Amino acid sequence: MLNASSHDWSLFPLRAARRAWRGVADSLLPPQCMLCTATVDEPGRLCSACWPEVGFIAEPCCPTCGTPYAVPVPTGLVCGACLKETPPFDRARAVFTYAGGGRDLVLRFKRADRTDLAPGLAAMLLAAGTELVRDCDAIVPVPLHRWRLWRRRFNQSALLARELGRLSDRPVWLDLLERPKPTRSLGRLSRVERRRVLAGAIRVAERWQEELAGKRLLLVDDVLTTGATVGACSRALRRNGAAAVTVLTLARVVRAEQGAI
Ligand SMILES: [Zn+2]
Ligand SMILES: [Zn+2]
């Protein structure tokens, strides 16, 4: 009989069993849409009803940070935010906006234990960031502090980076960046405060410090919100001699005032 404590104890094996069962079920059933139960041709696809729910980012967008413009603009027009303050990375691109179906995809992957979505999401990253992947020497995931890693059980950025490396045949340096200090939620902080909180929270692991001179690195993360975290990663990589740092994320938060120039 299950009492409260044995129930707690059994949580982890239950999750593992559920994941294993999903693997068996996936191989027996026709592939399902990443967002609903509709049947699709191949795993890692969206059905025709869900596809329009995802706000895929297309040109025109800022050539530096990738923010989409809501109105037609001349090609190569840099956005106001990048003109005001040059980002610490060379370029950033995202597959879709963090809203509607795009947000649902990220949350399913990250919070609902749907690590099986990683190959399909990595294929989307590759399609949106073909040039960025082609031009890099290695792919680097944004690190998680070990407490958060323990709570979530996996680093979503590392999973995406690993799959992207497999698809593109690029090396993936999973342990290049480390996060020795836990950081509190950055949500309500100002730009300056965020930078202060993140300073020293992300660093290049000691064994890698001699290896980065002249390297072109591609940082991978799930969501770009304010750019503070990938900014801290980029600064750490540049301090250690990286020649170029680009950023590829699944989603990016686009505020109404950003979309229209
Ligand atoms: Zn669907
Ligand atoms: Zn920009």
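Which protein donors, and through which atoms, surround the zinc ion (ligand 1)? They are Cys 33 (SG), Cys 36 (SG), Cys 47 (SG) and Cys 50 (SG), which lie 2.3 to 2.4 Å from the zinc ion, where donors are N, O and S atoms within 2.8 Å of the metal (3.2 Å for Na, K and Ca), and water is not among the atoms, so sites may look incomplete.

This is a predicted model, in which local features need pLDDT of at least 70 and side-chain atom pairs count only at pLDDT 80 or more, while totals for chains, interfaces and linings use all residues. Residues are numbered from 1 along each chain as its sequence is written, chains are lettered from A and ligands numbered from 1 in the order in which they are written, and side-chain values use heavy atoms, with hydrogens and water left out.

**The zinc site**

The four donor atoms subtend angles of 105 to 114° around the zinc ion (ligand 1), and the arrangement is therefore tetrahedral, a label given to four donors if all angles lie between 85 and 135 degrees. Along the chain, the donors of the zinc ion (ligand 1) follow the spacing C-x2-C-x10-C-x2-C. Cys 33 and Cys 50, 17 residues apart, are both in the loop between helix H2 (11-28) and H3; helices (H or I, at least four residues) and strands (E, at least two) are DSSP runs, numbered from the N terminus. Cys 33 is buried at 2% relative accessibility, and Cys 50 is also buried, at 11%, where buried means under 20% relative accessible area, exposed over 50%, and partly exposed in between (1.4 Å probe, protein chains only).

**Salt bridges**

The whole structure holds 10 salt bridges, each defined as a side-chain nitrogen of Lys or Arg within 4 Å of a carboxyl oxygen of Asp or Glu. Among them are the following pairs.

| Salt bridge | Closest N to O distance |
|---|---|
| Asp 90 and Arg 238 | 2.5 Å |
| Arg 91 and Glu 131 | 3.5 Å |

Asp 90 forms its salt bridge with Arg 238; because Asp 90 lies in the loop between helix H3 (80-84) and strand S1 (91-97) and Arg 238 in helix H10 (residues 228-239), the pair ties together parts that are 148 residues apart in sequence. Asp 90 is partly exposed at 37%, as is Arg 238 at 31%.

Arg 91 in strand S1 and Glu 131 in helix H6 (residues 130-134) are 40 residues apart, and here too Arg 91 is partly exposed at 23% and Glu 131 partly exposed at 42%.

Arg 166 and Glu 163, by contrast, both lie in helix H8 (residues 156-168), three residues apart, about one turn of the helix. Within this pair, Arg 166 is exposed with a relative accessible area of 54%, whereas Glu 163 is buried at 13%.

Note on methods:
Four donors count as tetrahedral if all angles lie between 85 and 135 degrees; four count as square planar and six as octahedral if opposite donors are over 155 degrees apart and all others between 65 and 115; anything else is irregular.
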